[in-house]
Amino acid sequence: MISFRNVTKIYQTGSQPIVAIEDVCFEVKEGEFVSIVGRSGAGKTTLLKLLLAEEKPNKGSIFFEEQDIHRAKSGTISHFRRRLGAIFQDYKLLPHKTTFENIAYIMEVMGHSKEEVLANVPEVLELVGLTERANNFPKELSGGEKQRAAIARALIHKPKVILADEPTGNLDPYHTRDIIKLLDTINQMGTVVILATHNKNIINKLGKRVITLEEGKIVRDEERGRFIL
Amino acid sequence: MFTNFKRIFNSGWRNFKRQSGFSLATIVIMTMIVSLATLVFLLQKTSQSLIEDLEASVDLRVYFEEDLSTEELMDIREELARVPEIKSVEYVSREEALHGFTARHKDNPVIMESLEEVGTNPFLASLNINAWEPAYYGSIAGFLENSAFSEIITKIDYTQKAPAIERLFSITSAISQAGLILGLVLVLVVMIIIFNTARLAIYNSKEEIEIMRLVGASNWFIRGPFLVQGVLCGLLATLIALLLFSGILYYISPKLEVLSPGLNVFAFFINNLFIILGIQLLAGVGLGILSSALAVRKYLRV
């Protein structure tokens with residue numbers, strides 16, 4: 001479903017180029033839950049940014065359902081992104097929209113009718129336990145609530161893949177457990193989940209595939225992996 | 001299509017309401033620009049009408065021999081009216097000249113007494129010439145001196161009036177030059193304000209645009225609400241400027257009329273309301289669209 005083929009990403013900042021990802025190859029099959037682990041600066045976030053077409057690779061190519069996403073015309077990138085759901089460490093909720101509107105926004109972007117929006121959004125809000133917070137703005141939500149709202153937004157349009165970049169980075173252990181449980185449930189419903197994290201407990205408890213990055217290279221890729229650095 | 005349009009409009013309207021502080025700041029800046037545009041228009045139009053009044057009050061008088069008949073003078077008048085530089089020629093008979101003089105000086109006994117002592121009508125018939133431009137008077141005077149009627153002309157008062165006419169000419173050209181410079185300065189100020197408004201909008205919306213892009217919104221779906229917000233600010237700024245000018249002009253118009261009789265700025269404002277409204281809408285809404293488009297463009301490069 002997703003395939004990284006000899007991908008290299010170099011950032012040209014300052015005097016010295018920084019190699020963020022070097023010659024990375026891996027595949028993700030339908031229904032998989034893949035965790036990407038590594039120290040800060042190992043290249044986890046860059047990997048997800050490349051997959052979201054936020055960055056372009058210097059070498060190699062990335063395929064999503066047989067389509068080279070960096071060869072797509074610039075107008076079609078927005079269409080491609082609608083097939084993914086993304087969760088970020090800093091939530092990235094629209095500050096001037098309520099929880100309801102933030103989640104409904106994706107459906108509006110995709111051109112769903114008002115009736116569909118009114119039917120689906122409350123359902124997803126209930127799934128993430130935010131029914132009571134539908135009309136609150138992001139600044140009125142706690143960290144855990146914001147992250148659940150962000151997950152609801154990533155789910156609402158039933159994407160085939162969910163990318164989660166350190167989704168628990170700003171949360172306490174209690175909320176962290178909730179969020180991971182939620183991602184696991186989503187995965188069991190058939191959605192591919194790609195999770196980047198450096199939380200040892202999460203990985204060891206999940207017992208799913210783990211790709212370990214070190215200085216931009218894949219050092220381990222295990223079917224039932226553990227967090228080893 | 002229609003659903004999208006409605007969503008974009010609603011989203012823009014909501015942003016306008018929710019970001020009230022930002023909207024207010026934008027409206028204040030835009031009101032200033034719309035007011036400047038209106039002011040430039042009013043200044044240009046009123047100074048133009050002032051100049052026209054001044055120019056109309058200046059003329060060139062040509063006096064003719066006493067024994068010329070009215071018919072002969074009318075012939076000359078017709079011939080002069082055909083000269084392209086000449087706007088109009090008015091015939092003033094000896095009687096009319098005397099009448100005008102006594103009417104002007106009837107309160108001055110010394111002048112009236114000396115006039116009585118002369119006994120006869122001392123005034124000559126004249127043709128009063130109005131030129132299209134003050135600059136033409138010199139060449140018209142030259143033309144008359146060298147023309148076929150130079151024999152029957154006793155006096156052309158150009159030499160007496162020349163300094164006044166030249167001064168008027170220099171004043172009018174100075175006014176139009178000042179207007180041009182003022183206009184250029186205003187354009188510069190407006191450009192600076194536009195770019196700063198745009199920059200403000202950029203700081204305000206950078207993160208939002210980035211998020212919208214990442215969740216797959218198309219460029220128009222992102223740009224639309226910002227444009228709507230800009231247009232709403234522009235419309236409100238236009239309305240405020242219109243009310244502001246109506247009020248101020250209504251109040252100061254009588255005071256300006258003292259300065260130059262016949263100059264009614266408020267009446268001019270009302271008579272040209274649609275043109276002014278057009279200019280204001282163009283300035284306000286145009287600025288709103290331009291600054292939002294500039295602001296969004298920077299972050300829309302996918």
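Predicted model: local features only at pLDDT ≥ 70, side-chain atom pairs only at ≥ 80, totals over all residues.
Val89(B) touches Arg77(B), Leu80(B), Ala81(B), Leu127(B) and Ile129(B), leaving aside residues up to four places away in sequence.

Where does Val89(B) sit? It is found in strand E2 of chain B, residues 86–92. Val89(B) and Phe268(B) are 179 residues apart in sequence. In space, C-alpha to C-alpha, they are 29 Å apart.

Stay with E2(B). It pairs with strand E3 of chain B, residues 126–131, in the antiparallel sense. Six bridges hold that pairing. In one of them, Val92(B) has Ser126(B) in E3(B) as its partner.

Step back to the sheet. It is open, has four strands, and runs E2-E3-E1-E4 in chain B. The pairing is antiparallel. Which strands stand at the edges? E2 and strand E4 (153–156) of chain B do. Each has a single partner strand, so one side of each is left without a neighbour in the sheet. Neighbouring strands here are turned by 20° against each other on average, direction ignored.

One helix of chain B next. Helix H2(B) covers residues 20–57, which is 38 residues. At 1.5 Å a residue it should span 56 Å, and its end C-alpha atoms are 54 Å apart, so the two agree. Which residues of H2(B) are buried? Among them are Thr26(B), Ile27(B), Met30(B), Thr31(B) and Ile33(B). Val34(B), Ser35(B), Ala37(B) and Thr38(B) are buried in H2(B) as well.

Strand E1(A), residues 2–11, pairs with strand E4(A), residues 59–64. The sense is antiparallel, over five bridges. Ile2(A) stands opposite Phe64(A) in E4(A). Ser3(A) has Phe63(A) in E4(A) as its bridge partner.

E1(A) also has E2(A), residues 18–28. Seven bridges join E1(A) and E2(A), which run antiparallel. Here Ile2(A) stands opposite Val28(A). So what does Ile2(A) face, from the two strands? Phe64(A) in E4(A), and Val28(A) in E2(A).

There is a hairpin between E1(A) and E2(A), with six residues between them. Gly14(A), in the turn, has a positive phi of about 70°.

E4(A) goes on to pair with strand E5(A), residues 67–68, antiparallel, over two bridges. Phe64(A) has Gln67(A) in E5(A) as its bridge partner. This hairpin has two residues between the strands. Which residue there takes a positive phi? Glu65(A), near 50°.

Now the six-stranded sheet of chain A. It is open, with the order E6-E7-E8-E3-E9-E10 and mixed pairing. Strand E6 (84–87) and strand E10 (217–222) of chain A stand at its edges. Each has a single partner strand, so one side of each is left without a neighbour in the sheet. The twist averages 15° from one strand to the next.

E6(A) pairs with strand E7(A), residues 161–165, in the parallel sense over four bridges. Ala86(A) has Leu163(A) in E7(A) as its bridge partner.

Two helices pack on this sheet. Helix H1(A), residues 44–51, touches E3 (33–37), E7, E8 (192–197) and E9 (209–214) of chain A. Its direction makes about 150° with that of E7(A). Helix H5(A), residues 143–155, touches E6 and E7 of chain A. Its direction makes about 170° with that of E6(A).

On to the cores. The largest nonpolar core has 99 residues. Those with the most contacts inside it are Ile103(A), Ala152(A), Leu163(A) and Ile194(A). Which element gives the most to this core? Helix H8(B), residues 219–259, with 12 residues.

Take Ile103(A). Not counting residues up to four places away in sequence, it touches Val121(A), Val124(A), Leu125(A), Ala149(A), Ala152(A), Arg153(A) and Ile156(A). Apart from that core lies another, of 14 residues, including Val62(B), Ala125(B), Tyr136(B) and Tyr137(B).

Last, the contact between the chains. Chain A gives 18 residues and chain B gives 14 residues. On the chain A side, the elements that give two or more residues are helix H2 (77–81) and helix H3 (99–109). That side divides into eight nonpolar, five polar and five charged residues.

Terms used. Residues numbered from 1 in each chain as written. Chains lettered and ligands numbered in written order. Pairing = 2+ DSSP bridges. Expected span 1.5 Å × (residues − 1). Buried ≥ 20, exposed ≤ 12 C-beta atoms within 10 Å, placed from the backbone. Contact = placed C-beta atoms within 7 Å. Nonpolar A, V, L, I, M, F, W, Y, C, P; charged D, E, K, R; others polar. Axes fitted to C-alpha atoms, helices over the stretch in contact; angles between N-to-C directions. Core = buried A, V, L, I, M, F, W, Y, C linked by C-beta atoms within 7 Å.
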